[in-house]
Amino acid sequence: MALPPLVEPAAELSIDEIRRYSRHLIIPDVGMDGQKRLKNAKVLAVGAGGLGSPALLYLAAAGVGTLGIIDFDTVDESNLQRQVIHGVSDVGRPKAESAADSIREINPLVNVVIHNTTLDRDNVMEIFSQYDLIVDGTDNFATRYMVNDAAVLLGKPYVWGSIYRFDGQASVFWAENGPCYRCLYPEPPPPGMVPSCAEGGVLGVLCASIGSIQVNEAIKLITGIGEPLVGKLMVYDALEMEYRKIRVRKDPNCVLCGENPTLTELMEDYDDFCGAISAEAEEAIANSTITARELKDWQDAGKDLFLVDVREPAEWEINRIPGATLIPKGEILSGEALSRFPQDRQIVLHCKSGVRSAEALAALKAAGFKDAVHVQGGIVSWVNTVDPSLPSY
Ligand SMILES: [Zn+2]
């Protein structure tokens, strides 16, 4: 499906611009009109890492008039294997600033806007609203869902890409003309199921393969040429050297862009939604984690346990582990419920999947309950391994 150009053309190109972009200008489909649209376009790259690096280089070279870069991270030596917008002398510098310098070197006609900050639910709407198009190069699910939700709520298209080892994917999500990311992936994968590039590795050149597809789609959207990847998922296998295009339909039941959306503003906590846990929680659960089966063994052995369910009352209504006491996570984090915890009994925390209980465990340990533990996989694991007769949700 061809779509009209996303951006109005600029009034004119200067003599310098005509010289610089001559190889675009002589392509009939791009021409003067297309180049003027690129000049007028405002594109934001979320992340100046693996995908953002090649994407920003080519967006700049192509003559996109305004390029925003949002990244809070600094350049590390281990980035240089694939993040080609940064060099040796940039190690230790903010990525957004390093990327901006490279862009100015390639094309000083580009207006570069640096957002040297973390994209979060408090700034995402305001930052996105300044751009025509977003190029998403994020590497974590929490940010990915937030980028999608903000783009859909603002009615903006975005070009998505993802990379892992030898496999890459790319698509254009634009709820007004096709599906959104939630139509494709309604739920994030369970925590720990999909390793990040930092854990699993990525072939450096894969970033260029997928990043260049993203720029290709950005140029098509801006200028209104060709068939954008709206409603299509491009799947690339670098080992087989194979590109496959998979059709993705808009989900009428999508919570965000479906017929009866229930998500009408940004979520409260994307980390919680995606099961990401903080460094403190990570530290707290090390050597303080038991399985659902071990909990059952402790109960059967008559161990004196104070078993605490840190979920919300509505979840407690659905199912519960026998012997548990309900104390929602918020009351532990605020300190409000700390007086209810005994000093002389074994404290065991659980939630639905083990994310909230890990956060609560960090708070309890910080309050001095050093021997407290939590249940890996939460009540979901209890249902799966101990008591399949319980209802699940
Ligand atoms: Zn959707």
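**Strands, a zinc site and a pocket**

Student: Which residue of β2 is the bridge partner of Leu 44?
Tutor: The model considered here is predicted. Strand β1 (residues 42-46) is joined to β2 by five bridges, and these strands run parallel. Within β2, the residue that partners Leu 44 is Gly 68.

Student: Is β2 mostly covered or mostly open, and how many of its five residues are buried?
Tutor: In a regular strand, side chains alternate between the two faces of the sheet. Thr 66, Gly 68 and Ile 70 point one way from β2, whereas Leu 67 and Ile 69 point the other way, and all are buried. Strand β2 (residues 66-70) is thus mostly covered, and the number of its residues that are buried is five of five.

Student: How far apart in space are the C-alpha atoms of Ala 100 and Leu 56?
Tutor: Ala 100 belongs to helix α5 (residues 95-106). Its relative accessible area is 0%, so Ala 100 is buried. In sequence, Ala 100 and Leu 56 are 44 residues apart; from C-alpha to C-alpha, the distance in space is 9.1 Å.

Student: In what order do the five strands of the open sheet lie?
Tutor: The edge strands of this sheet are β9 (289-290) and β11 (325-326), each of which pairs on one side only. The pairing is parallel, and the order of the strands is β9-β13-β12-β10-β11.

Student: What arrangement do the four donor atoms around the zinc ion make?
Tutor: The zinc ion is coordinated at 2.3 Å by the SG atoms of Cys 180, Cys 183, Cys 254 and Cys 257. Four donors count as tetrahedral if all angles lie between 85 and 135 degrees. The angles subtended here are 92 to 120°, and therefore the arrangement is tetrahedral.

Student: How are the donor residues of the zinc ion spaced in sequence?
Tutor: The donor residues are Cys 180, Cys 183, Cys 254 and Cys 257. Their spacing in sequence is C-x2-C-x70-C-x2-C.

Student: Does Cys 183 count as buried or exposed?
Tutor: The term buried applies to residues under 20% relative accessible area. Cys 180, at 0% relative accessibility, counts as buried. Because its relative accessibility is 10%, Cys 183 also counts as buried.

Student: How far apart in space are the C-alpha atoms of Leu 256 and Val 159?
Tutor: Leu 256 lies in the loop between β8 (242-247) and α11. With a relative accessibility of 7%, Leu 256 counts as buried. Leu 256 and Val 159 are separated by 97 residues in sequence, and their C-alpha atoms are apart in space by 18 Å.

Student: Which helix gives the most to the lining of the second largest pocket?
Tutor: About 760 Å³ of space lies in this pocket. It is lined by 29 residues, and the closest to its centre are Glu 187, Asp 272, Phe 273, Lys 352 and Ser 353. At least two lining residues come from each of α11 (270-274) and α17 (378-385). With three residues, the helix that gives the most is α11.

Student: How many charged residues are in the lining of the second largest pocket?
Tutor: The lining has 29 residues in total. They divide into 14 nonpolar and six polar residues, and the number of charged ones is nine.

Student: What is the phi of Arg 165?
Tutor: Most residues other than glycine have a negative phi. Arg 165 is found in the loop between β5 (158-164) and β6 (167-173), and its relative accessibility of 41% makes it partly exposed. Although Arg 165 is not a glycine, its phi is positive, at about 55°.

Student: Is Met 241 buried or exposed?
Tutor: Met 241 is found in the loop between β7 (232-237) and β8. Its phi is near 50°, a positive value in a residue other than glycine. The cut-off for exposed is over 50% relative accessible area. Because its relative accessible area is 53%, Met 241 is exposed.

Student: What percentage of the residues in the protein is buried?
Tutor: The secondary structure comes to 17 helices and 13 strands. The C-alpha atoms fill a box of roughly 85 × 50 × 45 Å along the principal axes. Of the 393 residues in the protein, the share that is buried is 50%.

Methods
Residues numbered from 1 in each chain as written. Predicted model: local features only at pLDDT ≥ 70, side-chain atom pairs only at ≥ 80, totals over all residues. Heavy atoms only, no water. 1 Å grid on protein atoms, 1.4 Å probe; cavity = no way out; pocket = protein on both sides within 12 Å on 5 of 7 lines; lining within 4 Å. Points joined across faces, edges and corners; volume = space filled by probe spheres on them. Helix = DSSP H or I, 4+ residues; strand = E, 2+ residues; numbered from the N terminus. Nonpolar A, V, L, I, M, F, W, Y, C, P; charged D, E, K, R; others polar. Donors = N, O, S within 2.8 Å, 3.2 Å for Na, K, Ca; no water. Tetrahedral: all angles 85-135°; square planar, octahedral: opposite > 155°, others 65-115°. Buried < 20%, exposed > 50% of the residue type's maximum accessible area, 1.4 Å probe, protein only. Pairing = 2+ DSSP bridges.
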